[in-house]
Amino acid sequence: MIPELGHYALILALCITLVQVVLPIIGAARGDVRWMSVARPAAVGQFVFVAVAYACLTYAFITDDFSVAYVAQNSNSALPLIYRISGVWGAHEGSLLLWTLILSTWTLAVAVFSRTLTLAFVARVLGIMGFISVGFLLFMLLTSDPFSRLLPAALEGQDLNPLLQDPGLAIHPPMLYMGYVGFSVAFSFAMAALLGGQLDSAWARWSRPWTTVAWTFLTLGITLGSWWAYNELGWGGWWFWDPVENASFMPWLVGTALIHSLSVTEKRGAFKTWTVLLALFAFALSLLGTFLVRSGVLTSVHAFATDPARGMYVLIFLGIVVGGSLILYAWRAPRVRSTGDFKLLSRETLLLCNNIILVVAAASVLLGTLYPLILDALNLGKISVGPPYFSAIFIPLMVILLILLGIGPAARWKQNSGRWLFGRLLTSAVLSVLIAAGALLVLRERSSIMVLLSILLAAWVVVTTVINLYGRYSPELGLSRSIRRTPRGFFGMTMAHLGVAVFTLGVAFSGAFSTEQDVGLAPGQSYDLSGYQFRFEGVKQVPGPNYIASQASVQVLREGQLISTLSPQKRIYPVRQMAMTEAAVDVGMFRDLYVALGEDLGNGHWSFRLYYKPFVRWIWGGALFMVMGGILAASDRRYRLAVRREATANRYLPEGVS
Amino acid sequence: MTRRQRRMVLVLVLIGGVGIAAALTLEAFRNNLLYFISPSEVVAGKAPPGRAFRLGGMVEKGSVKRAKGSLKVQFVLTDFAHSVPVVYSGILPDLFREGQGVVTSGHMGPHGVFVATEVLAKHDAKYMPPEVADALKQAKRTTTSQVGAKP
């Protein structure tokens, strides 16, 4: 009964959403207030029914309703409760439902927090978001119904994919989807502005906090995914340039370009059409990411759904959304005039360079991800593009980006004299070179060009950022008033840019100084790795709720002192007959010690994979800095104040005029 | 400089930058492609000499041999028409099993033995790597057509 209710709720949600698309958009075009006013209640209705459907599916998971095919395929009566709740998005159908739920949540948020926008604009934004939602609801109802029944009902479920039974992965997809779907708001704002011909700095100011929030979630989602892969896949790496990782990284790169270009559009009125294009691409790449992951076209650890009909549907939908919005863009954009005039040496130009680098990076990831697929589809052979390709492209691009990152915030809008800018940056440049030279003295023969380069660049970013921060301090005002006078967005930027420096150091140091070794050990034997002694004590069998584990005990010593006892496991999940490595990590600020248990080699020997990973935490630490920066920037007071001021102004306009 | 000249400079810088980036990208791309090759193709001598490539197939039943207490392992990859022996030193992935599809990357060593530096098995027990599935289909087609051609 409950699953049928869920299915019915989805159909009702589809009907309401159709209303949410058609009436407000036509109403906005005709200036009909009653039709436009339908948008907000329809958005609420859509949210309620999608939420009901989602709750029904969760209920089926919690109560072990194995008569529902999706539950039978992805759950088991022995599965712990938390993984039953997260199991809802453990495979194709449920993750689509989650996608739709998040989309309707964002829609609801726009409906609620848009009291200050003109009604016509809200009607258009909600209509466009509704259109996307219709696409996903139809996709679910036509090709992948999560509620379809299994006759006769299964006695026992086939269990959740053991890889997904990890706390990191339980929260990774919702965060990632919050980011993906969040870009639909920026997209809808841009399209609504094009439709209404109202592409001004007020539009940019409305879009900014929403885009920043979406970007923050996406950053967090990717970070969690990376951290999960490190813990769960037992390879000790943090990024594999796997197509599915790339699928989430491309929208991030374009989204990062977007939040920078939005700042130019808001503050200077320049780059308007470019910003619209970026908003379009950020969302298109989010959709492409969904398509790549969900259609099963990829040779990847994530490709669990293989159904050509589904892939076809998403491809057509992607074509309609991207094609339609590009046509709208081609039709409307030429009428938009960018106002802000600027000279060659200005913050505008530097931000344009930032945008170009990020977009080129995204394009090269796109090439590396799609080219093998296209070649395969045309029967021209099967190839794969490995990490060396991506490193060869990213390292030079990021070097330029980091140099610019130091210059950009120091430069003024509109124009600079070259001499003034040079003078302003000279101290920072000298300081960073001194820091790099100091590092060379400390590291001596252990240093390499990459390590020194990363120290130099990180020092450059930190020094310039800190000097800019200090520039906000004015002795007349005193510290606390100086802080209050500085917008929160500035602190957000500072935080995120420092995060880039931390991240750079983490990547370079963990890359250069990590050591790893596959070894076979008998109980009592030990192996020395980078000054740490790993001693294998023995293996015992440990039962889990839905698995049986062989658990090794490994003592880690340094100069005879016991540092930690690690218990890596090899789990066997009997339902799926799958083995899983559960690595054990001794976490530290400056180094991780990582042990993964391999297999029984016979004679009591077991194989181990041992890693010493210095500074690997800094990679995620830097990303968390960026997340905090995003939160600070999105909560800047001036968005609320400015919006309120405009609202008062708008109140005197007749409704529907835009 | 007038506004027009400035814009020209900007556009030229843009075009130049994008051009250099494109050239570097394509160069990096060309150097880092890994071709996927099936056991039948290896036997037919289609493996690129001295270059890394990916070899995929089914792990032949009963072919996995490991010296006791050592990390060295050897096994045979087959597409049921031809097979290629593979050596690897290290820990095999969780889903590596006899009778299952795997993809390895590495290069050809002496005596027709493939030296793998990486072994990938897919993370779903039901799931067969698509390249391997295709290679098997291909090999089956050739064998049956050869059989059919015989009088």
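Helices (H or I, at least four residues) and strands (E, at least two) are DSSP runs, numbered from the N terminus, and the expected span of a helix is 1.5 Å times one less than its number of residues. Helix H14 (residues 387-407) of chain A has 21 residues and should therefore span 30 Å at 1.5 Å a residue; its end C-alpha atoms are 30 Å apart, which agrees.

The model described here is predicted, so that local features need pLDDT of at least 70 and side-chain atom pairs count only at pLDDT 80 or more, while totals for chains, interfaces and linings use all residues. Residues are numbered from 1 along each chain as its sequence is written, chains are lettered from A and ligands numbered from 1 in the order in which they are written, and side-chain values use heavy atoms, with hydrogens and water left out.

A residue is called buried under 20% relative accessible area, exposed over 50%, and partly exposed in between (1.4 Å probe, protein chains only). The buried residues of H14(A) include A:Tyr389, A:Phe390, A:Ile393, A:Phe394 and A:Leu397. An α-helix has 3.6 residues a turn, so residues three or four places apart point the same way.

Rings of Phe, Tyr and Trp (its six-membered ring) pair if their centres lie within 6.5 Å; planes under 30 degrees apart count as stacked, over 60 as edge-to-face and the rest as tilted. The structure holds 35 aromatic pairs over all chains. One of them joins A:Trp241 and A:Phe394 in a tilted arrangement, 5.1 Å centre to centre with 45 degrees between the planes. A:Trp241 lies in the loop between H9 and H10 of chain A and A:Phe394 in helix H14 of chain A, so the pair ties together parts that are 153 residues apart in sequence. A:Trp241 is buried, with a relative accessible area of 16%, and A:Phe394 counts as buried at 9% relative accessibility.

In a further pair, the rings of A:Phe536 and A:Phe608 have their centres 4.8 Å apart and their planes at 65 degrees, so this pair is edge-to-face. A:Phe536 belongs to strand S4 (residues 532-543) of chain A and A:Phe608 to strand S11 of chain A, so parts that are 72 residues apart in sequence are tied together. Both A:Phe536 and A:Phe608 are buried.

One aromatic cluster is formed by A:Trp215, A:Trp239, A:Trp241, A:Phe249, A:Trp252, A:Tyr389, A:Phe390 and A:Phe394.

## Salt bridges

A salt bridge is a side-chain nitrogen of Lys or Arg within 4 Å of a carboxyl oxygen of Asp or Glu. Over all chains, a search of the whole structure finds twelve salt bridges. The table lists some of them.

| Nitrogen side | Oxygen side | Closest N to O distance |
|---|---|---|
| A:Arg205 | A:Glu266 | 3.2 Å |
| A:Arg609 | A:Asp518 | 2.9 Å |

A:Arg571 lies in strand S7 (residues 569-573) of chain A and A:Glu582 in strand S8 (residues 578-582) of chain A, so the pair ties together parts that are eleven residues apart in sequence. Both A:Arg571 and A:Glu582 are buried. Salt bridges that share partners also join A:Glu4, A:Asp65 and A:Arg149 into one network. As for the other pairs in the table, both A:Arg205 and A:Glu266 are buried, and both A:Arg609 and A:Asp518 are buried.

## Cysteines

A disulfide is a pair of cysteine sulfur atoms within 2.5 Å, and a search of the whole structure finds zero disulfides over all chains. The cysteine sulfur closest to that of A:Cys15 is in A:Cys56, 16 Å away and too far for a bond. A:Cys15 counts as partly exposed at 41% relative accessibility, whereas A:Cys56 counts as buried at 8%.

## Helix H12 and the surface

Patches are made of residues with over 30% relative accessible area and no salt bridge: like charges are joined within 9 Å, nonpolar side chains (Val, Leu, Ile, Met, Phe, Trp, Tyr) within 5 Å. A nonpolar patch on the surface consists of A:Phe131, A:Met312, A:Leu315, A:Ile316 and A:Ile320, with about 470 Å² of accessible area together. Accessible areas come from the Shrake-Rupley method with a 1.4 Å probe; for residues, only the protein chains shown count as cover. Helix H12 (residues 308-332) of chain A gives the most to this patch, with four residues. A:Ile316 lies in helix H12 and counts as exposed at 52% relative accessibility.

A:Pro334 is found in the loop between H12 and helix H13 (347-377) of chain A, and at 63% relative accessibility A:Pro334 counts as exposed. A:Pro334 and A:Tyr639 are 305 residues apart in sequence and 28 Å apart in space, C-alpha to C-alpha.
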